[in-house]
Amino acid sequence: MNPALLVLLAFLLLALSLGVWARRGHTMSLEQWTVGGRGFGTVFVLLLMAGEIYTTFTFLGASGWAYGRGAPAFYILCYGTLAYVLSYFLLPAVWRYGIEHRLHSQADFLAHKFGSRALGVLVALVGVTAMIPYLVLQLKGLGIIVSETSYGRLSVAQAVWISVVALVSYVVVSGVRGSAYTAVVKDIMILAVAVALGIWLPFHYYGGLGPMFTAIEQAKPGFLSLPAKGMSASWFVSTVLLSALGFYMWPHSFASVYTARSEDTFRRNAIAMPLYQLVLMFVFFVGFAAVLKVPGLEGADADLSLLRLSKMSFGPWTLGLIGAAGLLTALVPGSMLLMTASTVLAKNVWGALAPGTSEMRMAALARWLVPVLALIAVLFTLHGGTAIVPLLLLGYNFVTQLFPTFVLSLSTRRVVSASGAIAGILTGEAIVIFLQVSGVKLATVFPTWPSIITDLNIGVVALIANTVVLLTVSAMTRRARV
Amino acid sequence: MNAHRGHRWLALVPVLGICVGVPLVDRLHATVAGIPLLLVWIVGCVLVTSLVMAIIDALDRRPPRP
């Protein structure tokens, strides 16, 4: 057997065993399955939340962006940082409210805050709509990583099927405990692989970081600065801000708040996480090293730069380890996405439509939904073609539309009503979908406006409209009640 | 929010470093030992964020003044 394939399968088996073993000594009630009995310490919570930073999108995408676009890639390092600043102030309140009311999900939180089951259903559906494509993205990445690093011994379809069977098994058995245990291996691997590659490749091929950047600047002048138009400074800042607001609006990130034992966890994480995500810097270095060494990867193929350069530079054992790290970056977020999507469908959609369903029934239903959702994601991954691409881009903008309602719900004064929240979210989502489908850009609608405005991330428009409708309808419904 | 929370405004430092600092630093097109100043600046902002959050956390934990 090919050594690379051997390493890949060994790590998949390790993840599966750890994931299943994670259950020992616990009966899997909904409380244990979705939020680990609210007993996780700082390290586990940090690892679960880091699941959001180190996904296949960052592994392949961050290096791909550095390779294909240059300086605009740095936005990936910035938005997380600002999200952690926000988290210090917001997450302790989310956690406390969750303890008081025994909440399991983001939809629980908003439904409770506004006393509206309809809002809970809407938030759950928005979340699932964003999570399924995100899961598909993970599986697509996984397929590429495994088939590339196994030198094609495993096809994309085989890789996806094998991994999904492992994934579904440990999610059904252990829930969030499985995610947390596998996250330990994943983070050790990704730290080791990213740092080693990010240091070794620039030194091996260029003699250091300085010489590497100098060579890139000579070959591609301006590549290491933001362009004057398009992905300009105004695009950069607006995208960083939007993504920072959307960061904890991902239902699986939001729900991981409830796994924590104490609210101090979030304050400590706000200090540790910015440092922890500096690993991304090394991933950028890999992408930059590839610019002159594996030129010619255009468009979406830029995401292959890390794998192609690794293939060129290392033997099968090392390549297998790199592939294993990539495989794990798909499994951990994948498991959280599957679990969260199943939980909100069972609890916040089914539970709302059939009130009086016991928590035990909901827990059973959620676990049945895991293989169903996984199957849907696999079909999209293997047969969705390019139809899924617009959906993928939608995901982030979709969840970001929940932010205005969320942040205003934390205020002690009741600024927002349930109908206001629903109207605002629907408006935001409608605009996001319209912009995505029509491909309208500010620059095409207002060609004469300066690029500092037209380069703004178009998601800003949806968020502003959302907030305006939210406040207006809330004011109207409040007055109507008086 | 009580009067003891004034130090929380420090959280604006990383926000300004990124939202105002990045566009300004980008225009310099400078390098530090060959590495783009923009990247050095952003990594600096990340380090400062951690430091600022640690300071805010330490001050938040002070016992309330009598």
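Helices and strands are here DSSP runs, numbered from the N terminus, a helix having at least four residues and a strand at least two. In chain B of this predicted model, B:H29 sits in the loop between helix 1 (12-28) and strand 1 (31-32). With a relative accessible area of 56%, B:H29 is exposed, because exposed means over 50%. The C-alpha atom of B:H29 is 30 Å from that of B:M53, and the two residues are 24 positions apart along the chain.

## Two chains

Chain A has 23 helices and zero strands. Chain B has two helices and two strands, and their order along the sequence is α-β-β-α.

The table sets out some values for each chain.

| Chain | Box filled by C-alpha atoms | Buried residues | Accessible surface |
|---|---|---|---|
| Chain A | roughly 70 × 65 × 40 Å | 60% of 482 residues | about 17700 Å² |
| Chain B | roughly 55 × 20 × 10 Å | 42% of 66 residues | about 3900 Å² |

How does the radius of gyration of chain A agree with that of a compact globule? A compact globule of 482 residues would have a radius of gyration near 23 Å, and chain A has 22 Å, so the value agrees. For chain B, a compact globule of 66 residues would have a value near 11 Å, but chain B has 16 Å.

Carbon and sulfur atoms account for 69% of the accessible surface of chain A.

In chain A, 86% of the contacts with a separation of 6 or more are between residues 24 or more positions apart. In chain B, 62% of the contacts between residues at least 6 apart in sequence join residues at least 24 apart.

## Where the chains meet

At the interface, 30 residues of chain A are in contact with 28 residues of chain B. The two chains bury about 2600 Å² between them, and 80% of this area is on carbon and sulfur atoms.

B:C19 is a residue of chain B that touches chain A. B:C19 lies in helix 1 of chain B. Leaving out residues up to four places away in sequence, B:C19 touches A:L82, A:V237 and A:L241. Is B:C19 buried or exposed? Its relative accessible area is 17%, so B:C19 is buried, since buried means under 20%. Between B:C19 and B:V32 there is a C-alpha to C-alpha distance of 21 Å, with 13 residues of separation in sequence.

## Inside chain A

Helix 3 of chain A spans residues 42-50, and its buried residues are A:V45, A:L46, A:L47, A:L48, A:M49 and A:A50. What covers the buried residues of helix 3? The cover includes helix 5 (75-101), helix 9 (176-206), helix 12 (251-256), helix 13 (264-276) and helix 16 (316-353) of chain A.

A:S179 belongs to helix 9 of chain A. Apart from neighbours within four places in sequence, A:S179 is in contact with A:L48, A:Y170, A:V332, A:S335 and A:M336. A:L48 is also among the buried residues of helix 3. A:S179 has a relative accessible area of 1%, so A:S179 is buried.

## Two residues with a positive phi

Most residues other than glycine have a negative phi. A:R102 is not a glycine, yet its phi is positive, at about 50°. A:R102 lies in the loop between helix 5 and helix 6 (106-114) of chain A. Its relative accessibility is 41%, so A:R102 counts as partly exposed.

In chain B, B:A33 has a positive phi near 50° and is a residue other than glycine. B:A33 is in the loop between strand 1 and strand 2 (35-36) of chain B. Is B:A33 buried or exposed? B:A33 has a relative accessible area of 72%, so B:A33 is exposed.

How values were computed. Residues are numbered from 1 along each chain as its sequence is written. Chains are lettered from A and ligands numbered from 1 in the order in which they are written. This is a predicted model: local features need pLDDT of at least 70, side-chain atom pairs count only at pLDDT 80 or more; totals for chains, interfaces and linings use all residues. Side-chain values use heavy atoms; hydrogens and water are left out. The radius of gyration is taken over C-alpha atoms; the globule rule is 2.2 Å times the number of residues to the power 0.38. Buried means under 20% relative accessible area, exposed over 50%, partly exposed in between (1.4 Å probe, protein chains only). Contact means heavy atoms within 4.5 Å. Accessible areas come from the Shrake-Rupley method with a 1.4 Å probe; for residues, only the protein chains shown count as cover. Buried area is the accessible area (1.4 Å probe) that two parts lose on being put together, summed over both.
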